[in-house]
Amino acid sequence: MSSSAPAFNGAEADLDAYAAQAAHQLGEAVALLRGYLALLEPRGEQDAELGNVVRGMSAGAERAQRFVDDLLDLAASGRDALAVGPVPLGEALGAARIRLAADLRETGAELRSKPLPVVRGDRELIVRLLCHLVRAGLAAGATVIEVEGVHEDGFVRVEVRDDGAPASGNAVGAADPVGAPDPFAPFARARGRGPLVGAGVGLTVSRRIVELHGGSIALDGDDAGGSVAAFTLPAED
Amino acid sequence: MSQQDHEGSGPRDDDPLRVIVVDDDPLARRMLRDVLQAAGIVVIAEAGGGREAIELSTYYKPDVVVMDLVMPGIDGIAATRQITAQTPDVRVVMLTSSDSEEVGLMTLRAGASGFLCKSVGLDALPRALRCARDGEAVVSRQLTMRLIEGMRRVREDGAGMRPIRSPLTPREWEVLDLLCQERSTDEIADTLVLSVETVRSHIKSVLRKLGVRSRQEAIKAAGSLRSGLVLEGLVEAS
């Protein structure tokens, strides 16, 4: 079974088109830069100073590639179509853990979960959703990220809780009395700083994925001073 | 058709071309697959990213990989470098929306047999891939001219030219280039801003890798390597 993505409004379509164009322009430049760095690498092994330069530039190129990845992801999320089936969330989180292995290793953060329910949705999109939410926690400097899921009125409510820099409270669609920026808006300011911060589209893509499944998502500070992203997905019967 | 059917024999006219299509956009992959299949080409696998492309190419050993440039994680140039290093018989043709000659040249340096801009029209793709499979370069006339200009800039003694695959490191090639210009050890050390001991060590390594005993023999071997007369394995085995 499959269904198409809901039609986005004109502004979002324009944004997607821009993201696609920016991803290809920047991606081409990064690919060229990485190509030259790969040519220099063998010399860097023999020349310590050159080796340091190559490593520094490679780290910069990787950060730029992260931007490219995010922009490609944003552009793709506007044309995603669902391939729906039963998705064990524990297995999806395992796949996300593999994709984020380098980031988890680098930060030393712990990603843990209790047994998770099975939802009905598109496995690849749900893995991408979990990747974005876990990575947002890593970028915010979290040391522990915990994922929980419970059944709730035909849906599964999932909470991704982290002890990183706190989020300012808000829920999608809710009126914001103090006018704080919507963290789900494209290019919103990230909770953290540093190499893991991408283009600021992870939560935008997350919202699109959740809404495509008929669920909702909110981000809030938690009582312990961290953040919790809570979303719902249809439960598997 | 199984992989074994191809082993031990070169491509034949009645062998369908076996291709892997790499593009992060599923719609682009589907369009490419439709065009290629309509031309009798077998699309044996599709990859949505560079890492997957490397894994599938290593596993399936296709005749040709049609590679996108901009992809999440590992880009097309990096994937091309790894695929052609691990499976030298696999040809890679980059198909991209870019018409940058710089990107084209880098793609070829990374090991690709071709660089095509999507604006050339997909109708031309099946023939281009068959040409790549048969060992031909698939590049635009403009890019060919850039390659010719690059060749003209090479010194008459061949200094600066290197075989694509060689056991010598880039630094050892620099030392060998200067040996070919009959520079002394001291002069080489001055030119490369290295100590004399380091240069001696490089020269020793060059002689060992080339399987020769003297500088003159090394100069002769360099000429042979540049003209492609010496097979790679011969040098590596020494």
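Mentor: Helices (H or I, at least four residues) and strands (E, at least two) are DSSP runs, numbered from the N terminus. This is a predicted model, where local features need pLDDT of at least 70 and side-chain atom pairs count only at pLDDT 80 or more, while totals for chains, interfaces and linings use all residues. Residues are numbered from 1 along each chain as its sequence is written, and chains are lettered from A and ligands numbered from 1 in the order in which they are written.

Trainee: OK, how many bridges join E4(B) to E5(B)?

Mentor: Four, and the two strands run parallel. Within that pairing, Leu95(B) has Leu116(B) of E5(B) as its bridge partner. To get from E4(B) to E5(B), the chain goes through helix H4 (residues 101-109) of chain B, and this β-α-β crossover is right-handed. Right-handed means that, with the strands pointing away from the viewer, the path from the first strand over the helix to the second runs clockwise.

Trainee: What's the strand order of the open sheet in chain B?

Mentor: E2-E1-E3-E4-E5, five strands with parallel pairing. Strand E2 (42-47) and strand E5 (114-117) of chain B are the edges, each pairing on one side only. On average, neighbouring strands are turned by 20° against each other, direction ignored.

Trainee: And which helix packs on the sheet touching E1, E2 and strand E3 (64-67) of chain B?

Mentor: Helix H1 (residues 26-38) of chain B, and its direction makes about 170° with that of E2(B). Helix H3 (residues 76-86) of chain B packs on the sheet too, touching E3 and strand E4 (91-96) of chain B, and its direction makes about 170° with that of E4(B). For these, two residues are in contact if their C-beta atoms, placed from the backbone, lie within 7 Å. Axes are lines fitted to C-alpha atoms, for helices over the stretch in contact, and angles run from 0 to 180 degrees between N-to-C directions.

Trainee: Back to E4(B): why is it largely enclosed by the rest of the structure?

Mentor: Because six of its six residues are buried. Buried means that 20 or more other C-beta atoms lie within 10 Å of a residue's own; exposed means 12 or fewer, and partly exposed is in between, with C-beta atoms placed from the backbone. Arg91(B), Val93(B) and Leu95(B) point one way from E4(B), and Val92(B), Met94(B) and Thr96(B) point the other way.

Trainee: What about the other neighbour, how many bridges pair E3(B) and E4(B)?

Mentor: Four again, in the parallel sense. Val65(B) stands opposite Val92(B) there. The chain crosses from E3(B) through H3(B) to E4(B), and that crossover is right-handed as well.

Trainee: Where is Ile20(B) found?

Mentor: In strand E1 of chain B, opposite Ala45(B) of E2(B). With 25 C-beta neighbours inside 10 Å, Ile20(B) counts as buried. Beyond four places in sequence, its contacts include Ile44(B), Tyr60(B) and Val65(B).

Trainee: New topic: at what angle do H7 (residues 170-180) and H10 (residues 215-226) of chain B pack?

Mentor: About 105°, with their axes 9 Å apart. They are therefore roughly perpendicular to each other; that label covers 65 to 115 degrees, while under 35 is roughly parallel, over 145 roughly antiparallel and the rest oblique.

Trainee: Which residues make that contact?

Mentor: Leu176(B), Leu179(B) and Cys180(B) from H7(B), plus Arg215(B), Ala218(B), Ile219(B) and Ala222(B) from H10(B).

Trainee: Is Val193(B) buried or exposed?

Mentor: Exposed, with 8 other C-beta atoms within 10 Å.

Trainee: Last one: how many residues of chain A are in contact with chain B?

Mentor: 16, against 20 residues of chain B. On the chain A side, the largest share, 13 residues, comes from H1(A).

Technical notes
Two strands pair if DSSP finds at least two bridges between them.
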